[in-house]
Each structure stands twice: as C-alpha cells, then as structure tokens.
Amino acid sequence: MADEALFLLLHGEMVAGLYRAAEQGEGENGRCTTKLESMGFRVGQGLIERFTKDTARFKDELDIMKFICKDFWTTVFKKQIDNLRTNHQGIYVLQDNKFRLLTQMSAGKQYLEHAPKYLAFTCGLIRGGLSNLGIKSIVTAEVSSMPACKFQVMIQKM
Amino acid sequence: MSRQGGRGTENKKMNSELFTLTYGALVTQLCKDYENDDDVNKQLDKMGYNIGVRLIEDFLARSNVGRCHDFRETADVIAKIGFKMYLGITPSITNWSPGGDEFSLILENNPLVDFVELPDNHSTLIYSNLLCGVLRGALEMVQMAVDVKFVQDTLKGDSVTEIRMKFIRRIEDNLPAGEE
C-alpha cells in the first residue's frame with residue numbers, strides 16, 4: 001500500500017544520489033544513466049510478472065503495446081499514455097503529455113537538460129516489462145517541453 | 001474509467017510492489033557500487049534523510065495534524081498516521097524508556113522486504129536503513145533531533161522488525177546572521 005508520493009521521492013533521490021556519487025567518485029556520468037536504466041529493467045520485469053499472472057494471453061505485439069499504454073501505465077503512473085503511434089514495422093512511439101515524474105520539475109523548457117536523467121528509469125521499466133513478455137526491444141526517450149515526453153520502442157527481431 | 005473502481009485495491013497493491021521492487025533494485029545497485037555493507041548503510045541513511053526532509057511537507061499538507069506537544073504524541077502520529085499513510089501498516093509502540101525519550105516501533109511485517117532474502121555475505125547490511133534516514137530527516141524539519149536505528153530485523157531471522165527511536169534534543173530555529 002505504498003503511497004505514490006513515496007515512489008516519486010524515492011525515484012528523485014535515486015537519480016540525485018547516483019549523480020552525486022558519480023561526481024565525487026569516478027566522474028563517469030554516462031554510467032549513471034545505464035545504472036538507472038538497468039534498475040528500471042529489473043523492476044519492470046518483476047512488475048509485469050506480478051501484474052499479468054491473471055490476465056489473458058496477448059494476441060500480438062500491438063496488443064502488448066496497448067497493454068503497456070493502458071493498464072501498465074495506469075498502475076505505475078495513474079494515467080494512460082496519451083498517444084500511441086506505430087509504423088507497424090516494430091517501431092512504437094508512446095507519448096505522455098503530463099509525465100508524472102516530470103510534472104513537479106518544470107512546465108516548459110527550463111531544466112530541459114536534466115530531464116533525460118529522470119526518464120532513464122522509466123525506459124528500463126518499459127524494456128524490462130516487454131522483455132518478460134517475450135519482446136526484446138530498445139527504448140529511448142525524448143523531451144522537447146516538460147512535462148510532455150515521448151518514449152520510442154524499437155522491437156528487435158531475433 | 002469505470003474499470004477503475006474494481007481495480008482500486010489491486011492498483012494499490014501494485015503500487016506497493018512498485019516501491020518495494022524499486023527499493024530492492026536500488027539496494028542491489030548500491031551493493032554493487034560500494035564494496036562494504038557499512039558504506040551501503042550510510043548511503044541508504046543519507047538518501048533516506050533527503051527523502052524525509054521532503055516527505056514531511058507532503059505529510060503535513062495531507063494529514064492536517066497540529067504540532068506535537070511531547071515525544072509520546074510524536075510517536076503516536078508517526079505510527080498511526082505516518083506509517084499508515086505511506087506504507088499502509090501501523091506499527092505498535094512499546095518499550096518506553098523511564099525518561100520518556102526513547103521508544104520502539106514494532107513492525108509485524110515490513111513492506112520493503114517483501115520478496116527479499118539477505119545473502120550470507122551481506123550479513124551486516126541494514127536493508128531497510130532508508131527508513132531510519134527518512135524518520136530522522138522528517139523529524140529534523142519539525143525541530144526534533146532524533147537517533148533512529150534498527151534493533152531487530154525479520155531479514156536477519158528475528159520474529160519482528162524493531163526500530164528504536166531516541167529523542168536527542170530540540171533544534172532551536174537559527175535566525176540567519178544579521179536578522180534579530
């Protein structure tokens with residue numbers, strides 16, 4: 001029954017803590033994003049397992065992406081993805097116009113350069129969730145104006 | 001939107017699992033980054049402190065409790081309102097010291113340690129140390145300096161999780177230099 005505020009604060013502190021440690025230590029900034037993404041990956045894997053144990057089998061890839069956009073996003077971020085686009089060839093763009101982890105930060109262009117740090121965990125979350133549903137992917141994110149952001153999912157065919 | 005009603009409790013449970021899983025991923029990452037458990041404990045405490053100083057604002061805004069008049073009241077508010085609001089559990093308060101400045105919070109089950117097992121090579125790790133930092137940070141923002149530590153932990157084989165809280169002193173507001 002953990003409160004939403006707790007998760008938001010924990011996530012914020014994770015980002016800050018990792019970057020703080022990186023500054024004092026080796027100064028390898030690039031690795032922080034990787035660490036956050038891999039943390040999100042583990043959490044995504046676990047979460048999707050717990051979440052889908054009673055749901056019906058998914059019909060196809062699009063069905064899975066819709067699940068991520070609706071049920072999964074609602075559970076984690078209390079709202080659905082606002083817009084899902086695809087080229088039907090394995091690329092999906094998920095657009096969230098009011099991304100929960102960015103709403104408290106700014107409304108517009110201020111602090112734009114810091115936004116990617118706060119998206120890494122969620123990219124991993126999506127990648128981990130998909131991975132345990134049998135889909136290998138690469139997930140990236142971009143922000144042009146907070147708090148709206150887009151997650152791009154590239155399905156990797158094996 | 002009409003589905004939301006039925007899935008209310010399920011959503012809450014998932015939310016708690018999201019937090020538990022994220023915390024687990026964090027501790028795992030810290031264990032990889034720092035070689036010894038003591039550093040991890042310190043880092044968790046520091047992060048908890050930073051969370052606590054912000055959490056108290058959210059808490060005060062939502063709970064509408066007034067200022068506590070003594071440490072006993074503080075203990076009640078922490079256990080019955082604070083823990084309930086954020087973690088959905090109500091620890092019991094026991095073991096008051098004769099001077100009324102120390103008490104224990106007994107948690108029958110700790111949501112942070114769902115699905116967790118401590119491996120043998122991390123026996124000195126205080127897994128839930130974030131909680132100590134959170135309590136310390138939050139109370140410091142309401143002018144109380146406290147010492148918080150775990151004395152029993154279900155992860156280490158004890159039957160309950162026990163957190164000991166000790167009141168150290170009241171923090172006086174320091175006016176910035178030059179303002180009287």
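User: What ground rules apply here?
Analyst: It's a predicted model, where local features need pLDDT of at least 70, side-chain atom pairs count only at pLDDT 80 or more, and totals for chains, interfaces and linings use all residues. Residues are numbered from 1 along each chain as its sequence is written, chains are lettered from A and ligands numbered from 1 in the order in which they are written, and side-chain values use heavy atoms, with hydrogens and water left out.

User: What makes A:Cys69 count as buried?
Analyst: Buried means under 20% relative accessible area (exposed is over 50%, partly exposed in between; 1.4 Å probe, protein chains only). A:Cys69 has 5% relative accessibility, so it counts as buried. A:Cys149 is buried too, at 2%.

User: Why are β1 and β3 of chain A called edge strands?
Analyst: Strands pair if DSSP finds at least two bridges between them. β1 (83-86) and β3 (137-145) each pair on one side only, and the open sheet runs β1-β2-β4-β3 with antiparallel pairing.

User: How do you know that β1(A) pairs with β2(A)?
Analyst: Four bridges join β1(A) to β2 (residues 91-96) of chain A, and the cut-off is at least two, so they pair. A:Asn83 stands opposite A:Gln95 in β2(A).

Note on methods: Helices (H or I, at least four residues) and strands (E, at least two) are DSSP runs, numbered from the N terminus.
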